[in-house]
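The following note sets out numbered points for a colleague who has the sequence and the coordinates at hand.

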2 protein chains.
Amino acid sequence: MKLSTAEENYLKAIFKISEKAKKSASTNAIAKHLSTSAASVTDMLKRLAEKELINYEKYKGVTLKVEGIKQATQLIRKHRLWEVFLVKKLRFSWDQVHEIAEQLEHIESKELIMRLDAFLDYPKFDPHGDPIPNADGKFTIRSQTPLSDMHKGQTGMLVGVKEHTTEFLKYLNSLNVKLGTMITVIDSVPYDGSMSINLDSKNEIMITAMVAQNLLIRKG
Amino acid sequence: MKLSTAEENYLKAIFKISEKAKKSASTNAIAKHLSTSAASVTDMLKRLAEKELINYEKYKGVTLKVEGIKQATQLIRKHRLWEVFLVKKLRFSWDQVHEIAEQLEHIESKELIMRLDAFLDYPKFDPHGDPIPNADGKFTIRSQTPLSDMHKGQTGMLVGVKEHTTEFLKYLNSLNVKLGTMITVIDSVPYDGSMSINLDSKNEIMITAMVAQNLLIRKG
DNA sequence: ATAAATATTTAGATCACCCTAAAAATATAT
DNA sequence: ATATATTTTTAGGGTGATCTAAATATTTAT
């Protein structure tokens with residue numbers, strides 16, 4: 001089935017919202033995610049329901065049908081493969097690639113994505129540590145913990161970030177924190193959740209709970 | 001100025017038509033080129049004129065203004081760079097890349113194109129031998145002659161093709177004719193313009209005038 | 001030079017996608 | 001449990017891009 005860019009963006013939004021919330025996506029949540037009006041969302045939901053891509057009942061929120069999930073997953077696959085291309089081949093930094101990949105993900109060609117995947121050596125994770133679904137839509141699962149859940153003395157490697165905003169990523173750049181950085185919890189303050197951490201057994205820094213929540217660690 | 005995909009396609013069509021015809025582009029020619037109706041073209045021409053991208057007078061055909069030329073040239077630059085990427089990096093063959101590049105050329109990011117150009121080592125010609133305009137819109141000029149204009153005994157290298165259809169390119173594949181192939185005119189038939197030619201000093205084949213017209217040779 | 005053929009524009013619609021304002025349904029708070 | 005707040009939908013409209021059919025302008029051929 002051939003979808004418009006707008007339709008694809010709605011499917012992706014619904015996928016991401018229900019993944020995070022672990023339940024159906026509300027009209028308002030979708031509107032917020034796509035920076036559009038609730039009325040526009042209702043409009044589009046009717047069209048997507050008509051095309052059998054979503055389960056939609058008035059006032060009840062929406063979930064993706066099988067075909068909708070497939071489309072959303074392929075879109076995420078394309079987005080993340082392009083991000084790898086931009087960072088690994090074109091030497092963009094991880095804070096510059098999101099917007100461009102948002103456009104590239106809508107390019108339509110199965111063959112292109114197959115070849116891009118091969119060209120990049122079948123990467124399993126994108127530059128932010130997010131898993132890249134394979135051609136069948138399967139995600140690689142990896143055990144990971146938000147840094148904020150770790151305790152004094154524990155150590156692990158930074159394998160992903162939850163926030164993808166330029167500001168957050170640039171802040172990490174300024175701290176010299178990147179995927180692969182080894183992090184040890186020196187101390188954590190129960191009162192506000194802030195932490196002192198050690199980076200690669202070298203410098204020690206202080207971060208807020210908000211930052212710690214967005215850093216995903218593979219322990220050990 | 002930010003343009004829609006449709007607007008960009010019209011500018012490119014006008015550019016290509018006036019380049020080939022060396023005069024203003026007619027409504028019908030544009031409609032044919034874009035497989036749309038003449039009425040739709042008139043509609044769009046009004047909008048493009050409003051935006052100061054074209055010179056348009058009712059019933060008089062259209063030409064591009066400076067900004068229109070700039071936009072069309074950049075689009076061609078992007079299209080051809082992406083074609084090089086697809087062939088050189090992703091190993092597509094020259095008959096498979098046009099459609100995909102038609103989509104990729106609309107991706108908006110100056111930085112992306114700068115980096116892609118560098119990644120590809122600043123190519124001057126695309127996989128069909130067409131010149132790639134530089135960032136300032138300048139095309140590299142190369143002396144070339146349609147094979148159909150060459151005479152018995154003359155030799156040269158195939159440096160470009162005029163036709164870009166899959167059928168034509170696949171036909172060339174089947175003859176093992178590609179860019180770089182050395183071609184010598186063995187004989188030509190004045191009656192129908194057909195030719196006997198030699199490829200790389202090896203096999204000899206017969207081609208029609210229609211084919212010979214679409215092969216561009218750098219003599220010597 | 002006028003009739004016929006062709007090219008172009010206008011008129012009037014449609015579709016996808018978006019909007020605001022108002023109405024209706026659902027959730028919440030006392 | 002009812003009033004209030006919030007969420008969602010409907011109503012009505014706008015824009016960009018397309019279409020067909022009809023009207024008009026230009027070109028061509030006799």
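Which element gives the most to the surface near DNA strand C? The helix is α3(A), with five residues. The points below place that answer in context; the model is a predicted one.

1. Surface near DNA strand C. Two or more residues are supplied by each of α1 (5-21) and α3 of chain A, and by each of α2 (27-33) and α3 of chain B. By class, this surface has seven nonpolar, nine polar and four charged residues.

2. Surface near DNA strand D. At least two residues each come from α2 (27-33) and α3 (38-50) of chain A, and from α1 (5-21) and α3 (38-50) of chain B. The element that gives the most is α3(B), with five residues. The surface near DNA strand D has seven nonpolar, nine polar and four charged residues.

3. Relation of the two chains. Chain A is superposed on chain B by a rotation of 180° with 0.0 Å of shift along the axis, and the RMSD is 0.0 Å. This is the relation of a two-fold axis. Leu104(A) is the residue of chain A that comes closest to the rotation axis, its C-alpha lying at 3.7 Å.

4. Contact between chain A and chain B. The contact takes 14 residues from chain A and 14 residues from chain B. On the side of chain A that touches chain B, α5 (98-104) and α6 (110-119) of chain A are the elements that give two or more residues. Of these, α6(A) gives the most, with four residues. The residues on that side of chain A divide into eight nonpolar, two polar and four charged. Because 100% of the interface residues of chain A are also interface residues in chain B, the copies meet through the same surface.

5. Helix packing within chain A. How do two packed helices come to be described? The description uses the angle between their axes and the distance between the axes. For α1(A) and helix α4 (residues 66-89) of chain A, the angle is about 95° and the axes are 9 Å apart. The helices α1(A) and α4(A) are therefore roughly perpendicular to each other. On the α1(A) side, the contact is made by Glu8(A), Leu11(A), Lys12(A) and Phe15(A). On the α4(A) side, it is made by Gly68(A), Ile69(A), Gln71(A), Ala72(A), Leu75(A) and Ile76(A). By class, this contact has six nonpolar, two polar and two charged residues.

6. Chain A as a whole. Chain A has eight helices and eight strands. Its C-alpha atoms fill a box of roughly 55 × 45 × 25 Å along the principal axes. Of the 220 residues of chain A, 33% count as buried. Among contacts in chain A between residues at least 6 apart in sequence, 55% join residues at least 24 apart.

Terms used:
Residues numbered from 1 in each chain as written. Chains lettered and ligands numbered in written order. Predicted model: local features only at pLDDT ≥ 70, side-chain atom pairs only at ≥ 80, totals over all residues. Nonpolar A, V, L, I, M, F, W, Y, C, P; charged D, E, K, R; others polar. Contact = placed C-beta atoms within 7 Å. Least-squares fit on C-alpha atoms with pLDDT ≥ 70 in both. Axes fitted to C-alpha atoms, helices over the stretch in contact; angles between N-to-C directions. Parallel < 35°, antiparallel > 145°, perpendicular 65-115°, else oblique. Buried ≥ 20, exposed ≤ 12 C-beta atoms within 10 Å, placed from the backbone.
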